[in-house]
Amino acid sequence: PLQEQINSCSVNLLASELLFERKESQTLSTFESSTLAFLVPNLVGFSTVLSEMEEDNPEVVRFSCRCCWIAALYYNKIAQCSSDDATAAEAEQFSLECLDRAESLLQKHSLVISTKHLSVHEISMEKIIARRCHISATYVVSKARENFSALTKSVIGRQDGDFELEDDEKKTLANIAHALIERYMSGSTGIIDELLDDFLALNDAAVPSSKEESLVSISRLPGSRRSILHIIVTSLYAADKSTAPLIGLYTHLLERLAARLKSSDSGSVATLPVHAAVVFVFHKLAKLPFSESDLSKNALIIAGVVYTLPRERDVMEAVSTLLSSLREKSDPSNEGLDIGGNDGKNYSKSVHTIQCSFFSKMVKDLIFQRRAIGEHLDSSHRKDRRSKLWQQELLRLADSVSTLSAHLSNMLSLYPVHNSPLVRTLESVDYGHAPLCQLLEAAIFLWENLQSVGNSLNLARSRLLVPVGSLLLSLSYPLRSTSITISPAE
């Protein structure tokens with residue numbers, strides 16, 4: 001009878017493996033899904049009893065290991081697909097328990113077990129350990145989500161309506177933040193992509209920027225599942241912990257976002273556009289307190305990202321917001337600043353690194369856009385300039401040039417042009433002969449051509465007039481001027 005039961009369960013095991021493999025590539029019918037949900041736990045239960053009775057039988061070990069392996073895969077899949085934090089954590093926990101059972105069985109027998117019906121064609125000690133490491137890492141995330149969700153429900157459910165956190169609740173949030181930061185601060189591409197994909201997939205633009213916003217987030221039921229980034233940020237702020245780790249996290253996210261923009265691959269899960277996410281992260285960085293050490297560690301990465309970003313108005317304004325925030329903190333007249341001596345010099349040097357990268361990028365882009373406008377003006381006969389498509393393209397180019405000119409004139413007003421460290425950085429950037437002369441020629445060309453676009457394009461002229469004029473003044477003024485702010489035309 002025992003052998004008959006083993007034979008019967010072997011057929012069920014084979015059916016489970018085939019159904020699971022089909023589930024990986026296509027949607028199962030309701031009957032097939034129900035069958036798989038029935039077979040897997042029963043196979044685990046039978047194999048557990050069987051292995052205790054026949055623990056020295058190699059065939060029983062093979063059968064039991066295959067049951068534990070398919071169960072581990074199945075419950076891990078449930079965890080990945082579940083939108084309920086508690087269900088996901090419970091499924092991953094059971095998946096780990098199945099892998100532990102399989103490992104304990106294999107420790108007594110030197111076996112490599114064939115699983116030719118699955119994408120992983122064999123079960124070995126190495127495969128089990130690798131799978132467990134992967135699930136253990138994701139279990140950290142699932143458990144953190146579950147604990148955060150439970151704490152939120154506890155706070156919301158208070159009868160007295162008091163949303164102030166108790167010390168033990170702050171400790172729970174601190175532990176959640178620590179566990180997640182420890183996972184994602186490794187900076188490896190795959191781990192950061194996991195954090196980024198989760199943020200984009202959940203379209204989570206409500207990540208808080210202060211303790212007050214975090215407490216509001218905890219005290220309200222979310223309209224949708226919160227992102228991992230949201231949980232990390234909220235937990236740090238609400239637990240009154242240092243936000244320094246967020247600088248590293250945001251910087252790594254910027255690096256991956258820039259890579260996706262460069263490859264024009266925003267990922268299949270990007271419901272929140274990657275472009276908007278870049279703007280979002282820059283604004284979040286601008287609100288964080290940077291120490292000299294924080295900025296020194298991340299300045300080169302931020303500078304590299306800035307140089308590769310698209311020439312869109314909202315992106316450039318977001319970078320400018322970050323630079324304004326950093327410059328304000330490095331201003332000696334800022335009495336609230338706690339940076340002095342060598343730290344102050346190093347801080348200013350890091351700000352300068354980002355600033356020079358931004359300046360060099362905008363000079364390069366303006367020279368490029370000047371050529372594009374020149375080619376556009378020369379590309380058609382005068383009668384073609386009345387066409388809607390021609391005018392729309394000129395307006396698009398004018399918007400870009402307006403934004404670039406405004407930001408360049410603002411940055412040039414920080415130093416005398418003849419002795420500007422920003423201008424000196426142009427010598428180390430490769431975009432042709434005498435880049436400063438090219439920049440001046442571009443500004444003069446744009447100014448002169450403001451009069452030649454025709455009365456029908458007064459809108460383009462109005463968008464360019466003040467920013468280009470300001471750029472010309474900034475380039476020609478030999479002395480340090482009072483810093484002014486020129487906003488791109490709306």
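Biologist: Where is Asp240 found?

Modeller: Asp240 sits in the loop between helix H9 (228-238) and helix H10 (244-262); helices here are DSSP runs of H or I with at least four residues, strands are E runs of at least two, and both are numbered from the N terminus. Before going further, please keep in mind that this is a predicted model, in which local features need pLDDT of at least 70 and side-chain atom pairs count only at pLDDT 80 or more, while totals for chains, interfaces and linings use all residues. Residues are numbered from 1 along each chain as its sequence is written, and side-chain values use heavy atoms, with hydrogens and water left out.

Biologist: OK, and what is the phi of Asp240 near?

Modeller: Phi of Asp240 is near 60°, which is a positive value in a residue other than glycine. Most residues other than glycine have a negative phi. Asp240 also counts as partly exposed, at 44% relative accessibility, where buried means under 20% relative accessible area, exposed means over 50%, and partly exposed lies in between (1.4 Å probe, protein chains only).

Biologist: Switching topic: how much space lies in the largest pocket?

Modeller: About 440 Å³ of space lies in the largest pocket. On a 1 Å grid over the protein atoms alone, a cavity is a set of points where a 1.4 Å probe fits but cannot get out, whereas a pocket is an open set with protein on both sides within 12 Å along at least five of seven lines, and lining residues have an atom within 4 Å of a point. The grid points are joined across faces, edges and corners, and the volume is the space filled by probe spheres set on the points.

Biologist: Which residues lie nearest its centre?

Modeller: The largest pocket is lined by 19 residues, and those that lie nearest its centre are Gln80, Glu92, Thr138, Val141 and Glu194. Helix H3 (58-81), helix H4 (85-106), helix H5 (125-156) and helix H7 (189-201) each supply at least two residues of this lining, and the largest share, five residues, comes from H5.

Biologist: How do the residues of that lining divide?

Modeller: They divide into six nonpolar, seven polar and six charged residues, where Ala, Val, Leu, Ile, Met, Phe, Trp, Tyr, Cys and Pro count as nonpolar, Asp, Glu, Lys and Arg as charged, and the others, Gly among them, as polar.

Biologist: Glu194 came up there; which side chain does it meet in a salt bridge?

Modeller: The side chain of Glu194 meets that of Arg183 in a salt bridge (2.5 Å, N to O). This pair links distant parts of the chain, with Arg183 in helix H6 (residues 167-184) and Glu194 in helix H7, 11 residues apart. Arg183 is buried, with a relative accessible area of 14%, while Glu194 is partly exposed at 26%. A salt bridge here is a side-chain nitrogen of Lys or Arg within 4 Å of a carboxyl oxygen of Asp or Glu.

Biologist: How many salt bridges does that rule give?

Modeller: The count comes to 19 salt bridges. Another of them joins the side chains of Arg311 and Asp365 (3.6 Å, N to O). Arg311 lies in the loop between helix H12 (292-308) and helix H13 (313-330) and Asp365 in helix H14 (residues 341-378), so the pair ties together parts that are 54 residues apart in sequence. Salt bridges that share partners also join Asp193, Asp197, Arg256 and Arg260 into one network.

Biologist: And within H5, where do Lys143 and Glu146 lie?

Modeller: Both lie in helix H5, three residues apart, about one turn of the helix, and their side chains meet in a salt bridge (3.1 Å, N to O). Lys143 is partly exposed, with a relative accessible area of 31%, and Glu146 is likewise partly exposed at 22%.

Biologist: Still in H5, is Thr152 buried or exposed?

Modeller: Thr152, which lies in helix H5, counts as buried at 3% relative accessibility. The C-alpha atoms of Thr152 and Ser217 are separated by 8.7 Å, although the two residues are 65 residues apart along the chain.

Biologist: What about Val61, buried or exposed?

Modeller: Val61, in helix H3, counts as buried at 1% relative accessibility. Val61 and Leu105 are 44 residues apart in sequence and 6.4 Å apart in space, C-alpha to C-alpha.
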